[in-house]
Amino acid sequence: MILETHRLRLSRSRDSDRDNLFMLEQDPEVMRYINGGNPTPLDGIDGDADYLMPRGNDMGIWVARSKTANEFIGWYSLRAHVDGVAELGYRLRRCVWGRGLALEGANALLALGFSRLGYARIFATTMAVNRASRRVMEKAGLTYVRTRYFDYPDPLPGNELGDMEYEITREAWLQRQSMTP
């Protein structure tokens, strides 16, 4: 299955995406709010983090390429949890930040999740200090649910402000779609 937006082509991750996925994790700014900006090893195992590190053929991972140049942009995730709930995520190359691509891909996965996969609720989380990611969630229609605090042995700067959770329900998404011209 391939999803297309105005500027993106999203396809399920494949083994051939491995090098691009790994390359993305070598950028300290991309990884700033994930593991403090440290490059990850090729096996994707980082003892200090329990987050998603796709390596190709990963369930729920959609690799994004530009429609015009077929250039690797990054990835989006829509991972199923329990009882009709899924989690939205994304990680994009720094060279495309600020162009609205995070929102464009997030909106595509919200549409897939609610209209084709039948999810009742989709949520996303980020560190409170990651204002750019929070803004993408808000623009996509997700609303703030709560802030959770974790006591990590080696916390990242800003950890004391917590991790924020946002969500959107199918009903709220449908209502938002009906208001869009």
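Helices (H or I, at least four residues) and strands (E, at least two) are DSSP runs, numbered from the N terminus, and serine 11 has its place in one of these elements, strand S2. The model is a predicted one, in which local features need pLDDT of at least 70 and side-chain atom pairs count only at pLDDT 80 or more, while totals for chains, interfaces and linings use all residues. Residues are numbered from 1 along each chain as its sequence is written, and side-chain values use heavy atoms, with hydrogens and water left out.

Taken as a whole, the chain has five helices and eight strands, which follow one another from the N terminus in the order β-β-α-α-β-β-β-α-β-α-β-β-α. For 181 residues a compact globule would have a radius of gyration near 16 Å, and the chain agrees with this at 16 Å; the radius is taken over C-alpha atoms, and the globule rule is 2.2 Å times the number of residues to the power 0.38. Along the principal axes, the C-alpha atoms fill a box of roughly 45 × 40 × 30 Å.

Of the 181 residues, 44% count as buried, where buried means under 20% relative accessible area, exposed means over 50%, and partly exposed lies in between (1.4 Å probe, protein chains only). Contact means heavy atoms within 4.5 Å, and among contacts between residues at least 6 apart in sequence, 59% join residues at least 24 apart.

The interior can be followed through its nonpolar cores, each a set of buried Ala, Val, Leu, Ile, Met, Phe, Trp, Tyr and Cys residues joined through side-chain atoms within 4.5 Å. The largest such core has 32 residues, and those with the most contacts inside it are Tyr76, Leu109, Leu110, Ile122 and Leu142. Among the elements that give two or more residues to this core are strand S4 (72-80), strand S5 (85-92), strand S6 (121-127) and helix H4 (131-139), while H3 gives the most, with seven residues. A second, separate core of eight residues includes Leu24, Val30, Val63 and Phe72. Isoleucine 122, not counting residues up to four places away in sequence, touches a set of residues that includes Leu78, Leu88, Leu110, Leu142 and Ile168.

Some buried positions are held by other kinds of residue. Serine 133, found in helix H4, is buried because its relative accessible area is 11%, and leaving aside neighbours within four places in sequence, serine 133 is in contact with Tyr90 and Thr126. Serine 11 is likewise buried, with a relative accessible area of 15%, and, with neighbours within four places left aside, serine 11 is in contact with Met1, Ile2, Ile61, Trp62 and Val63. Glutamate 25 sits in the loop between helix H1 (18-24) and helix H2 (32-35), and counts as buried because its relative accessibility is 0%. Glutamate 25 and glycine 89 are 64 residues apart in sequence, and their C-alpha atoms are 15 Å apart in space.

Asparagine 70, in the loop between S3 and S4, has a positive phi of about 55° although it is not a glycine, and counts as partly exposed because its relative accessibility is 45%. Aspartate 83, which lies in the loop between S4 and S5, has a phi near 50°, again a positive value in a residue other than glycine, and counts as exposed at 76% relative accessibility.
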